[in-house]
Structures are given as C-alpha cells and as structure tokens.
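Here are some friendly notes to read alongside the model. Keep the structure open and look up each residue as you go.

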Amino acid sequence: MFKISLGNRESLACDGISRRHSLRMGACGLIGGLTLPRILELQAKAPLAKTPQAKSCIFLFLSGGPPHQDMWDPKPEAPLEIRGPFKQIQTKIPGINVTDQLPLCAKLVDKYTIVRSHSHRDNGHSTGYHYVLTGRKPNFSDGDNPVPNNDFYPSIGSVVSRERGPRGALPAYINLPHPMAGGGPGFYGAEHAPFVIEADPTQPDFEVKDLRPDRNLSQKRLSLREKLLTGIDQLERTRNNGQAKVMSTYYEKAYNLIASTDAKKAFDIHSESDSTRDAYGRTQIGQCALLARRLVEGGCRFVGVDAPGWDVHFNCFPSLQTDLIPYADRAFSTLVSDLDQRGLLDETLVIMMGEMGRTPRINAKAGRDHWSMAQTIIFAGGGIKPGQVIGATDKQAAAPITEPIGVNDLLFTISKLMGIDPEKTYLGPLGRPVPIVDGGKMIRGLV
C-alpha cells in the first residue's frame, strides 16, 4: 500500500481510494487519465529522500546481552565492582576510549560510530529480541521461546525484504547459523521469511544443504519436474486458487536458487583463502561474518547473524576475556576492513548489538545480570558518519545522561539508511494500517 497526498490529507491507494478522491485527482489534472498500474509505476520511480541509501545490511546480533561497560563504554573512575577488571585504552581517535579487550576495533574507530545511549525497558531475552527486531512490545512472557517469536509484527529483515526485494539469485533475507528468535515475517507472510542456513561455517564439511539436489536426480529429471509443476500451477491459476499462486512463487524461487551458479558461489566459504578465514577468526561469529560479506556481495539485502553466548550471569570475566569479546573484536574489525577494501562499505550498513546491556554492578557470582536501561550499538558503513561517539551514560554506565535512543529510533534509522520510508503502512490481517516503524526518529548526528 502507498499514500497519495491530497493537500493536507492522505488517502489510501490500492487498499481503498474513495470515488470522491478519484474524481478530485482527475479533475485537478494531477493524474487524470492514468491507470492504476501507471500510478504504481510512477510511485516506484519517485525519488527517495536524500538520506544515504545502503544496498545491504549485515546485522551482528550478540544474543544474551553484551556487557557495554566491559567493551565500548568503560568507566575507569568507578569502583572495581562497577568498572570490572578490564582497563581502558585509547583508540585511533584521541578522546574515544574502549576497554583493552577490543584492541583491533580500537585501531579502526575511524570506520565506525559508537552509540552509547541506547535504552529500553524490556529485560527479557526472548521478549527483548522480539522488541529490538520488530519495534513492538511482545504479547508473551519471557521464557516462551518459539522461533520465530513474532507471529504478527514483521522483523526489520522482513521489512527490508519486502521494501527492497532481491537483487540477484540470492534470497533478500538470510539468517545464519540458525534462525533469529524475533526474525520472522509476521503478517507479511512466508514470502518474506528468512532463508536460514542451519549449519556451522567453521566445520570442514560446511555446506548449504538446501542448495544440493538429490545426487540421484539428474538435471534432465529436475527440469522435467519443474515443467510438470509449472503445468499444475497453471491449471490451479485458472481456477483462481490464490494459495497456488503464492506457492508457485516459492517453488520458482527455490528452483532458481538451486539452479544458480552465482548462489552456490556466494555460499562457498571454502573458496576463501586461509589467510582471509584466519583474519576473521576460525570461530562461529568470525566465519559467519565472512559468509555475510560473501552474501551481500552476491546480492542479499539483509543478513542476520545470531551470535549467542552473551548471557554472562556467573564468573563471566574469564569467558569474556578468552572467548566472547576477542572473537567479536576480530570478526567486526575484519568485516569492516574487508568491506572497505572491496569498496562495499559505503553501500553496506553493518550493525552490532544485543537485546540488552548488563548490570552496572557485578553480582555476588562474579557476573553481570540483565540491564536494558543502557546499551551500546555499533554502526559502520551504509552512509553513516564514522569516527565518533554518540550519547553518554552516567558514571556507573546505568542510564543515558544524554537523549536516550529507543528501539524505534534504531529501526527508523535503519529503514532510512536502507532507502525505506519508515512511516509507510500496510493493512494487517484485521484491515488496520500497520506502519513499518511505530514512531521513532533518525539518530541525531549519525548521518
């Protein structure tokens, strides 16, 4: 659905232009004599806003909740039970500091921006995941963990899929190495669900099994099956079977994906050199980041990487120091450098965050608990202004002391950077208009 401006009013087209509004448009000569397809064509060709337009987005989601004060928002003057054991180091840009667990990112700070004032009020994992990816409060309790858990509201990946569409043989929206909990299409339907790669790219036998037809099935037999299916679809279409039309689209996409050499090439991480794979890190987040780069090169619009393990309630600092933070540091810094060297950074928006931050005070079990009131988000590429810090938290990293940046501000900004109108609406199942983003505004100073 799109909107046509009539003075200070807006009327719905496709889903219901009234006869009176149609007469008004014809009488004033704005679109007199134009057919609806022509209106749609003009709308599609209308210039977008001047906000930088990224072609793709890579979303690194550190699920569980990364501790912002142990990474991007150090508080060296705070007591030990707040600041933790890690030291503060200066980055490449004087005045911008991170902890000593991020040495690679510290050298690359001129390529990304740190947003320290993200804040919301959902302290749950599954509910927070739903909220961050959809911008809507969930209608279930934390601990209810269906995947996807957004059965009504679409995730930002599905929004990008619907609004930007595919640009090549690859699906527009991909999740790896498993589904993102809140990453479903909601009422947009299965057409905009993610293609999920449920395999670990660190494994020597990694492959995308859905792209491999039965080895006993020859290309001739595969073509015959496609023709037979096409014939059945055409018969069903003559009967005005809407479900058959939808399924026909899915079958066609699946066949094109299986048959595409470009798609197989994009998924073939084994073709990368050992030096490149080592640079990203032979870890799950590292190899997923490398595969994400290959996928956006191949035309994917939105790659969501679910990187679990960040729910650090107990004795957290050894694992943060040896496993979690170094792996994220290497994966993110190499991804940004690699995109930059390939001339892809300006057109690829990269985001790294989780569903929440962690408590300011270390608990009695030497860990940090859930804390959604303060969190850091990292942005790179996609037209953002790099080399800066936006926002600040108090002396305990407990809450923003600058203007808080909410979830819908995040989603509004992603939409704008991807060339999507966040205020555009679609009719939900009950016939009510549902905006792409429910409120929100651009993050000030990011562009």
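**Notes on the predicted model**

1. Let's begin with the overall fold. Among contacts in the chain with a separation of 6 or more, 70% are between residues 24 or more positions apart. Please keep in mind that this is a predicted model. The chain has 13 helices and 16 strands. Of its 447 residues, 51% count as buried. The chain exposes about 20,700 Å², and carbon and sulfur atoms supply 51% of that area.

2. Next, the charged pairs. How many salt bridges does the structure hold? There are 20 salt bridges in the structure. One of them pairs lysine 55 with glutamate 347, with the closest N and O atoms 3.7 Å apart. This pair links distant parts of the chain, 292 residues apart. Lysine 55 sits in the loop between helix H2 (36–45) and strand E3 (56–61), while glutamate 347 sits in the loop between helix H12 (316–341) and strand E10 (348–353).

3. Now look at a salt bridge away from the surface. Lysine 75 pairs with aspartate 73, and their closest N and O atoms are 3.5 Å apart. Both lysine 75 and aspartate 73 are buried.

4. Another pair deserves a longer look. Arginine 294 and glutamate 272 meet through their side chains in a salt bridge of 2.6 Å, N to O. Arginine 294 counts as buried because its relative accessibility is 10%. Glutamate 272, at 10% relative accessibility, counts as buried too. Salt bridges with shared partners join Glu272, Arg293, Arg294, Glu297, Asp338 and Arg342 into one network.

5. Stay with helix H11 for a moment. Among the buried residues are Ile285, Cys288, Leu291 and Val296. Just after H11, glycine 299 takes a positive phi of about 115 degrees.

6. Strand E9 (residues 302–306) comes next, and five of its five residues are buried. In a regular strand, side chains alternate between the two faces of the sheet. Here both faces are covered: Phe302, Gly304 and Asp306 are buried on one side, and Val303 and Val305 on the other. Which strands pair with E9? E3 runs parallel to E9 and is joined to it by five bridges, with cysteine 57 opposite phenylalanine 302. Strand E7 (residues 173–176) also runs parallel to E9, joined by four bridges, and leucine 176 stands opposite valine 305.

7. What about the cysteines? A search of the whole structure finds zero disulfides. For cysteine 300, the nearest cysteine sulfur is that of cysteine 57, 9.9 Å away. Cysteine 300 counts as buried because its relative accessibility is 0%. Cysteine 288 is likewise buried, with a relative accessible area of 0%.

8. Finally, some backbone details to check. Most residues other than glycine have a negative phi, and most peptide bonds are trans. The peptide bond from valine 147 to proline 148 is cis, with omega near -5 degrees; proline 148 lies in the loop between helix H5 (125–134) and helix H6 (156–164). The peptide bond from leucine 176 to proline 177 is cis as well, with omega near -5 degrees, and proline 177 lies in the loop between E7 and strand E8 (195–196).

9. Two alanines also have a positive phi. Alanine 366, with phi near 60 degrees, is found in the loop between strand E11 (357–358) and strand E12 (370–371). Alanine 366 is partly exposed, with a relative accessible area of 30%. Alanine 397 has a positive phi of about 60 degrees and is found in the loop between strand E14 (388–390) and helix H13 (407–417). Alanine 397 is buried, with a relative accessible area of 0%.

Conventions: Residues are numbered from 1 along each chain as its sequence is written. This is a predicted model: local features need pLDDT of at least 70, side-chain atom pairs count only at pLDDT 80 or more; totals for chains, interfaces and linings use all residues. Side-chain values use heavy atoms; hydrogens and water are left out. A salt bridge is a side-chain nitrogen of Lys or Arg within 4 Å of a carboxyl oxygen of Asp or Glu. Buried means under 20% relative accessible area, exposed over 50%, partly exposed in between (1.4 Å probe, protein chains only). Contact means heavy atoms within 4.5 Å. Accessible areas come from the Shrake-Rupley method with a 1.4 Å probe; for residues, only the protein chains shown count as cover. Two strands pair if DSSP finds at least two bridges between them. A disulfide is a pair of cysteine sulfur atoms within 2.5 Å.
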